[in-house]
Amino acid sequence: MTEKIIYKRPKSWVKGVHTHYCPGCTHGIVHRMICEVLDELDIQQETVGVAPVGCAALMYGYIDTDFIEAPHGRAPAIATGFKRIRPDRVIFTYQGDGDLASIGAAEIVHAANRSENITVIFINNAIYGMTGGQMAPTTLIGQRTTTTQDGRDPQKAGYPMRISEMLSTLASPMYVERVCAARPAYLPALKMAIRKSFQNQLDNKGFSFVEVLSTCPTNWGLRPKEACDWLVENMIPYYPLGVKRDFE
């Protein structure tokens, strides 16, 4: 029997840590949902996260599992290599829209097309958060950012990319769903999607992708409640919620 190796950080690693996220940012909500799912599935000790560049790069300070740092956009490649070497482990990437949809676009498309048995959690807040609020591939038409002071112009910057819809056109992905973290009413679906994405990996079913519509009050220039309202009123119509692909 192969010896089971258990990695465990001291409890002091996550005890008393204060969040670095801005007020109204929904990263913390998604973190909470991930932790609840890992606990309910009893896979904390077997799970490894991949946190690349972005606001969530420090999430390893909040979640008591092992983490791997990845170069910008390359988290799916890191997760692929790790999972192939250690198929007994559960691995997930946690990526923003600038990371995944821009510099990492090729990585996510090919990982999905190969249906790598990994879980990808994609945070879409329609902007580059950590680096100062530049336009992202998901920035809406007319949305102002530091690099689109007059709003995104599709004639110059193209149209916002619907990543979930794009991946769902491929033949191989097992599961693709878009959910939202902006209001309490959306959280049950958010948690169910995250749970399903991890369960699929445990069942060796292949690539699972969960897109989460999230807020960025600081770079949007809005108060927390205003940011949640703006997301619901502007992002959901362009990025409709729901399952885009599910072989089951």
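Reply: Here's a walk along the strands, then the spaces and the cysteines.

First, some ground rules: this is a predicted model, where local features need pLDDT of at least 70, side-chain atom pairs count only at pLDDT 80 or more, and totals for chains, interfaces and linings use all residues. Residues are numbered from 1 along each chain as its sequence is written, and side-chain values use heavy atoms, with hydrogens and water left out.

Let's start with strand 3, residues 90-96. (Strands are DSSP runs of E, at least two residues, and helices are runs of H or I, at least four residues, both numbered from the N terminus.) Six of its seven residues are buried, so strand 3 is largely enclosed by the rest of the structure. Buried here means under 20% relative accessible area, with exposed over 50% and partly exposed in between, using a 1.4 Å probe and protein chains only.

Strand 3 has a parallel partner in strand 1 (residues 47-51), with four bridges between them; two strands pair if DSSP finds at least two bridges. Within that pairing, Val50 is bridged to Thr93 of strand 3. Strand 4 (residues 119-124) also runs parallel to strand 3, joined by five bridges, and there Gln95 has Phe122 as its bridge partner.

Carry on from strand 4 and you get to strand 6, again parallel, over six bridges, with Val120 partnered by Phe209. Strand 5 (residues 175-180) is parallel to strand 6 as well, through six bridges, and Glu177 sits opposite Val210.

Strand 6 (residues 208-213) has six of six residues buried, so it too is largely enclosed by the rest of the structure. In a regular strand the side chains alternate between the two faces of the sheet. Here both faces are covered: Ser208, Val210 and Val212 are buried on one side, and Phe209, Glu211 and Leu213 on the other.

On a 1 Å grid over the protein atoms alone, a cavity is a set of points where a 1.4 Å probe fits but cannot get out, while a pocket is an open set with protein on both sides within 12 Å along at least five of seven lines; lining residues have an atom within 4 Å of a point. There are two cavities of 30 Å³ or more, and the largest cavity has a volume of about 240 Å³. Its lining runs to 21 residues, with Val53, Gly54, Cys55, Gly96 and Gly129 nearest the centre. Strand 3 comes back here: strand 3 and helix 3 (97-103) each supply at least two lining residues.

The largest pocket, at about 180 Å³, has 14 lining residues, and Cys22, Cys55, Gly129, Cys216 and Asn219 lie nearest its centre. Helix 8 (residues 217-220) gives the most to that lining, three residues.

What about the cysteines? The structure has zero disulfides, a disulfide being a pair of cysteine sulfur atoms within 2.5 Å. Cys25 has its closest cysteine sulfur in Cys55, 6.5 Å away, which is too far for a bond. Cys180 is in no disulfide either, with the sulfur of Cys228 nearest at 8.0 Å. Both count as buried, Cys25 at 19% relative accessibility and Cys180 at 1%.

Key: Grid points are joined across faces, edges and corners, and a volume is the space filled by probe spheres set on the points.
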